[in-house]
Amino acid sequence: MNKAAIKDGLRFLSKTSWRRLWNMVALYMSYQVTKVLRKPVQWGMPMSVSFEPTTACNLRCPECPSGLRSFSRETGNLKSDFFRNSIDQFHSTLSYLIFYFQGEPYINPKFLDMVRYASEKNIYTITSTNGHFLNKENARKTVESGLDRLIISIDGTTQEVYEQYRKEGTLASVLKGAENIIQAKRELGKAHPYVVFQYLVVKPNEHQLDEVQVLADKLGVDEVKFKTAQVYDYEHGNALIPTIEKYSRYKKNSDGTYSVKGEIKNQCWKMWHSCVITWDGLVVPCCFDKDAQHRLGDLKDNDLQTIWGSKSYTQFRSKLLTGRDQIDICTNCTEGCKVWA
């Protein structure tokens with residue numbers, strides 16, 4: 001573990017109050033009791049929440065509803081006053097706040113104001129960006145906002161490879177954005193945000209895995225993470241499925257078809273410790289419900305504590321305990337599977 005990662009871990013620990021720690025323990029214990037009893041037991045409040053700043057995006061990535069413009073739900077931007085009112089309800093038990101679901105967060109003009117508000121509540125904050133909006137001004141504002149972790153998607157080390165997945169994207173803009181963030185940290189004397197290059201491994205870019213690590217080291221990026229890619233049409237193969245088995249979520253069967261690796265187990269830690277909130281306040285189970293089809297509540301009508309313990313949530317948890325393979329968003333998901341690279 002490098003020095004930057006140690007500092008990042010210590011920064012998270014510095015924000016962990018006794019109340020938040022006790023909430024983590026309660027969540028974990030209720031999940032363990034659930035696995036023993038085979039019925040949902042829920043103690044505590046979500047320790048991790050993903051809040052969606054926007055559904056808009058400047059790119060057209062082929063496996064992303066934002067990029068494909070394929071949502072059936074309404075699109076829009078998270079309103080800062082609604083965000084503040086929501087966070088005020090549950091910030092005391094919240095350990096992680098992820099400013100991402102679908103869309104590009106920096107498109108929301110109030111995004112960094114919301115990050116700053118969460119940081120003032122001493123919550124560890126994370127966002128994921130395609131890196132095209134990190135000009136010098138935004139880079140400086142990002143550092144000043146108190147953002148703890150910045151994930152920058154970089155899926156190739158040359159423009160030719162990069163644009164095969166990041167449609168309409170410009171690699172040079174992403175690299176310049178990373179440089180701007182690192183320069184702003186240096187000028188302001190800050191160790192945060194912890195900067196991560198996230199590399200979505202697909203067949204067109206799998207030959208550049210070593211090169212992206214070299215590039216990250218050259219720029220001063222703190223970490224490179226390789227991520228397996230979810231594809232929707234995988235059964236008969238897909239041009240994006242990598243040939244390096246370690247980085248593929250799918251295996252080729254003897255009949256030539258493909259299936260998800262591993263067994264889908266009737267359990268899911270995410271459903272006990274986290275949730276996702278769309279830009280307009282809908283509460284959904286997790287980040288795999290990209291079109292918000294499984295709506296478990298609405299923050300415009302009820303507070304999160306009421307929704308978290310509601311009949312709808314209990315029924316959803318009960319369903320995955322007995323037949324998770326019957327829930328559409330679970331069948332192409334990494335959570336709960338026995339074998340994953």
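Visitor: At what angle do α6 and α8 pack?

Guide: This is a predicted model: local features need pLDDT of at least 70, side-chain atom pairs count only at pLDDT 80 or more, and totals for chains, interfaces and linings use all residues. Residues are numbered from 1 along each chain as its sequence is written, and side-chain values use heavy atoms, with hydrogens and water left out. The axes (lines fitted to C-alpha atoms, for helices over the stretch in contact; angles run from 0 to 180 degrees between N-to-C directions) of α6 and α8 are 8 Å apart. The two helices pack at about 55°.

Visitor: What does that make α6 relative to α8, parallel or oblique?

Guide: Angles under 35 degrees count as roughly parallel, over 145 as roughly antiparallel, 65 to 115 as roughly perpendicular and the rest as oblique. The angle here is about 55°. So α6, relative to α8, is oblique.

Visitor: Is the crossing of α6 past α8 left-handed or right-handed?

Guide: A crossing is left-handed if the near helix is turned anticlockwise from the far one by less than a right angle, and right-handed if clockwise. For α6 passing α8, the crossing is right-handed.

Visitor: How many charged residues does the contact of α6 with α8 have?

Guide: Contact means heavy atoms within 4.5 Å. Lys136, Arg140 and Glu144 are among the α6 residues that meet α8, whose side includes Lys185 and Glu187. Ala, Val, Leu, Ile, Met, Phe, Trp, Tyr, Cys and Pro count as nonpolar, Asp, Glu, Lys and Arg as charged, and the others, Gly among them, as polar. The contact has 5 nonpolar and 3 polar residues, and the charged ones number 5.

Visitor: How far apart are the axes of α5 and α6?

Guide: Helix α6 spans residues 136–145 and packs on α5 at about 20°. That angle makes the two roughly parallel. Their axes are apart by 8 Å.

Visitor: How many polar residues does the contact of α5 with α6 have?

Guide: Leu112, Val115, Arg116 and Ser119 of α5 meet Asn138, Lys141, Thr142, Glu144 and Ser145 of α6. By class, 2 are nonpolar and 3 are charged. The polar count is 4.

Visitor: Which residues of α5 make the contact with α4?

Guide: The axes of α4 (80–90) and α5 (111–120) come within 10 Å and cross at roughly 20°, so the two are roughly parallel. From α4 come Ser80, Phe83, Arg84, Ile87 and Asp88. From α5 come Met114, Tyr117 and Ala118.

Visitor: Which residue in β3 is the bridge partner of leucine 97?

Guide: β2 (96–99) and β3 (124–129) pair in the parallel sense over 4 bridges. Leucine 97 has as its partner threonine 125.

Visitor: What is the omega of the cis peptide bond at proline 193?

Guide: Most peptide bonds are trans. Proline 193 lies in the loop between α8 (171–188) and β5 (194–201). The cis bond joins histidine 192 to proline 193, with omega of about 5°.

Visitor: What is the mean pLDDT of the chain?

Guide: pLDDT is the predictor's confidence in each residue, from 0 to 100. In this chain, 96% of residues reach 70 or more. The mean is 92.

Technical notes:
Pairing = 2+ DSSP bridges.
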